[in-house]
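Please examine the sequence and the three-dimensional structure shown below.

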Amino acid sequence: MSAKIPTLLALDTATPVSSAAVTGEGSFRVQKIDESGAGHSESLIGEVDAVLREAGVSLSDCDAVVFGAGPGAFTGLRVACGVAQGLAWAKEKPIVAASNLEALAMKELSGKPAGTRILAAFDARMHQAYCAVYEKAEEGARLSELVPAELVNPDELAGLAESFGVALASGSGVRAFPESFAVLGDRVTLNPDATVTALDLAALGAILFKLGLAVIPELAAPLYVRNHVALTIEERAAGKRL
C-alpha cells in the first residue's frame with residue numbers, strides 16, 4: 001500500500017448541513033461548513049471554491065473527488081453525487097463514494113482498541129433509523145462491516161446493539177430515539193451528538209482510494225437504503241418528512 005497521502009476534495013450534503021473539504025500531504029486540512037439549511041445546489045460550489053483556494057490547490061491537483069454517498073436525504077445525496085461527477089469528469093478524476101455511516105464509525109472509533117464495535121445510526125425521519133455495525137481493525141485500516149447499512153424501526157436498535165456486543169452507539173439516530181437505547185443502561189456508551197462532515201469523509205476516502213475503490217464518474221452512485229423516496233400529497237399534508 002502506498003505511503004503517499006492522496007490529495008482529496010470531499011463533499012457532503014447528506015443532511016441539511018453541507019460541507020466541503022480538501023486534505024492531502026503535509027498539514028493542510030481545510031473545511032467549509034454551511035449550517036444555514038439553504039439549498040445545497042446553490043451553496044456547495046461556493047464551498048468547493050473556498051476550500052480549494054484556502055488550501056492553495058486546484059482541482060487538477062486532486063487525486064480524486066470524495067462524496068458522502070449516504071444513507072441520507074434523497075435530494076441531498078443526488079446533489080453531492082451530481083456535483084462530484086461534474087467536477088471529476090471535467091478534470092478526468094476518479095470518484096470515491098464514501099458511506100456516511102462508516103465515516104461516522106471510523107471517527108468515533110479513532111483511538112479505540114482493535115475489536116471495539118460500534119452501532120452508527122442516523123435519524124431517517126418517518127420514525128425510522130439508518131444504521132450499521134462496524135468493528136475496529138488495526139489503526140489506519142478500514143473497519144470491518146458486521147451489519148451493512150439498513151433501515152430499521154426504533155425498537156430494533158437496542159437488539160442490534162446487544163446482539164453484536166457494541167461498546168458505542170453514535171449519531172443522530174441515538175438522539176432521535178433515546179427511549180430505544182435506554183434499556184441498554186451503561187453497557188453501551190452513547191454519543192447522540194456525533195456528526196459527519198466532509199473532513200470525516202475525506203479520511204475514509206483516503207483509505208478507500210488506497211484500496212483501489214475509486215471509480216470513473218459515470219459509475220458513481222449514492223447509497224439508497226430507503227426505497228420510499230417521495231411523499232404523496234396526503235403524506236405531505238400530514239406533516240411527514242423523508
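The following sections treat these topics in turn.

## Basis of the report

This is a predicted model, in which local features need pLDDT of at least 70 and side-chain atom pairs count only at pLDDT 80 or more, while totals for chains, interfaces and linings use all residues. Residues are numbered from 1 along each chain as its sequence is written, and side-chain values use heavy atoms, with hydrogens and water left out.

## The chain as a whole

The protein chain contains eight helices and 10 strands; helices (H or I, at least four residues) and strands (E, at least two) are DSSP runs, numbered from the N terminus. Of its 242 residues, 49% count as buried, where buried means under 20% relative accessible area, exposed over 50%, and partly exposed in between (1.4 Å probe, protein chains only).

The chain exposes about 11,200 Å², of which carbon and sulfur atoms supply 53%. Accessible areas come from the Shrake-Rupley method with a 1.4 Å probe; for residues, only the protein chains shown count as cover. Among contacts (heavy atoms within 4.5 Å) with a separation of 6 or more, 63% are between residues 24 or more positions apart.

Strand E1 covers residues 8-12, and five of its five residues are buried. In a regular strand the side chains alternate between the two faces of the sheet. In E1, Leu8, Ala10 and Asp12 point one way, whereas Leu9 and Leu11 point the other way.

Two strands pair if DSSP finds at least two bridges between them. E1 runs antiparallel to strand E2 (residues 18-23), with five bridges joining them, and a hairpin connects the two through five residues. In this pairing, aspartate 12 stands opposite serine 19. E1 also pairs with strand E4 (residues 64-70), in the parallel sense and over four bridges; here alanine 10 stands opposite valine 66.

## The second largest pocket

A pocket is, on a 1 Å grid over the protein atoms alone, an open set of points where a 1.4 Å probe fits, with protein on both sides within 12 Å along at least five of seven lines; lining residues have an atom within 4 Å of a point. The second largest pocket has a volume of about 370 Å³, the volume being the space filled by probe spheres set on the points, which are joined across faces, edges and corners.

Its lining has 20 residues, and Met106, Glu139, Gly140, Ala203 and Ile207 lie nearest the centre. Helix H3 (100-108) and helix H7 (198-210) are the elements that give two or more residues to this lining; H7 gives the most, with seven. By class, the lining has 11 nonpolar, two polar and seven charged residues. Ala, Val, Leu, Ile, Met, Phe, Trp, Tyr, Cys and Pro count as nonpolar, Asp, Glu, Lys and Arg as charged, and the others, Gly among them, as polar.
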